[in-house]
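Subject: Structure for you to look at

Hello,

I am passing on a structure that you have not seen before.

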Amino acid sequence: MRPLVLARLLQLSSQALPIGGYSHSQGLEAAIDQRVVTDEGSLLRWISDVLEFSMTSFEIPCMLSMSAAWAAGSLAVVAALNDEFLSTRESAEIRAAGVQMGFSLRALLCNLPDVPAATVDALRAIREPSLPCVWSAAAAAWRIEPQDAVIGYLWTWAENQVLVAVKAVPIGQSAGQRVLLAIGSKTAQLAAQMDSGEMNSGEIGASEMEGTSGGSNFCPGLAILSSQHETQYSRLFRS
């Protein structure tokens with residue numbers, strides 16, 4: 001990876017990116033409140049399950065399809081994939097979180113000097129841009145390889161989940177780092193699958209042309225807990 005591209009990926013993946021990710025738990029706070037997540041082991045199981053049954057099976061294929069569409073200049077396909085992604089969000093607040101962070105990242109990109117005007121104009125034309133939609137646009141504009149963009153996307157998501165647990169369970173910093181080490185190994189395995197062509201060819205390529213992601217999203221436990229979080233008596237996070 002060229003140094004400038006690496007620097008852009010690190011900036012995009014940073015917790016300091018001002019898109020409000022710290023204010024969302026993505027359903028984890030409800031799992032903590034319901035005693036589903038109570039310690040390091042249960043936190044690792046929670047993150048691993050969401051990674052397997054939602055992120056890897058649907059959100060990442062959707063983002064890869066968006067990346068291919070951005071690279072091909074297929075803006076109508078980008079918009080269709082964005083609509084599909086939003087329609088699959090498990091609860092109103094998780095949908096709102098994806099849109100809020102997408103809006104915030106779009107506003108940031110519109111104020112950065114090295115984002116092509118064509119990318120900015122295309123993003124402004126999307127009424128409700130989701131986070132993976134805008135993230136994939138930034139990755140394409142900064143020539144970040146899809147595999148690297150996926151690792152960065154998953155890393156910032158997992159890091160946020162661990163920070164939620166550190167605050168709300170709470171678990172210790174060392175426990176959080178052990179969880180991140182384990183999740184890092186899982187994302188490396190995902191990158192290996194992409195290298196071998198198991199994720200970023202054939203099905204995703206064809207679905208991109210059709211405006212569909214080719215993935216599947218089924219997390220009923222997350223959906224129920226997130227819905228309960230909307231009326232949770234005491235909470236720190238918006239989702």
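This is a predicted model: local features need pLDDT of at least 70, side-chain atom pairs count only at pLDDT 80 or more; totals for chains, interfaces and linings use all residues.

Residues are numbered from 1 along each chain as its sequence is written, and side-chain values use heavy atoms, with hydrogens and water left out.

Side chains of opposite charge can pair when their charged atoms come close. A salt bridge here is a side-chain nitrogen of Lys or Arg within 4 Å of a carboxyl oxygen of Asp or Glu. By this rule there are seven salt bridges.

One of them is between Glu 59 and Arg 89, with 3.6 Å between the closest N and O atoms. This pair links distant parts of the chain, 30 residues apart: Glu 59 is in helix H3 (residues 40–72), and Arg 89 is in the loop between helix H4 (75–87) and helix H5 (92–109). Helices (H or I, at least four residues) are DSSP runs, numbered from the N terminus.

Glu 59 is buried at 8% relative accessible area, and Arg 89 is buried at 13%. Buried means under 20% relative accessible area, exposed over 50%, and partly exposed in between (1.4 Å probe, protein chains only).

Arg 89 also forms a salt bridge with Glu 90, at 3.9 Å from N to O. Glu 90 is buried too.

Another salt bridge joins Glu 128 and Arg 127, at 3.7 Å from N to O. Glu 128 is buried at 19% relative accessibility, whereas Arg 127 is exposed at 67%. As for shared partners, salt bridges join Glu 59, Arg 89 and Glu 90 into one network.

Regards

Note on methods:
Helices (H or I, at least four residues) and strands (E, at least two) are DSSP runs, numbered from the N terminus.
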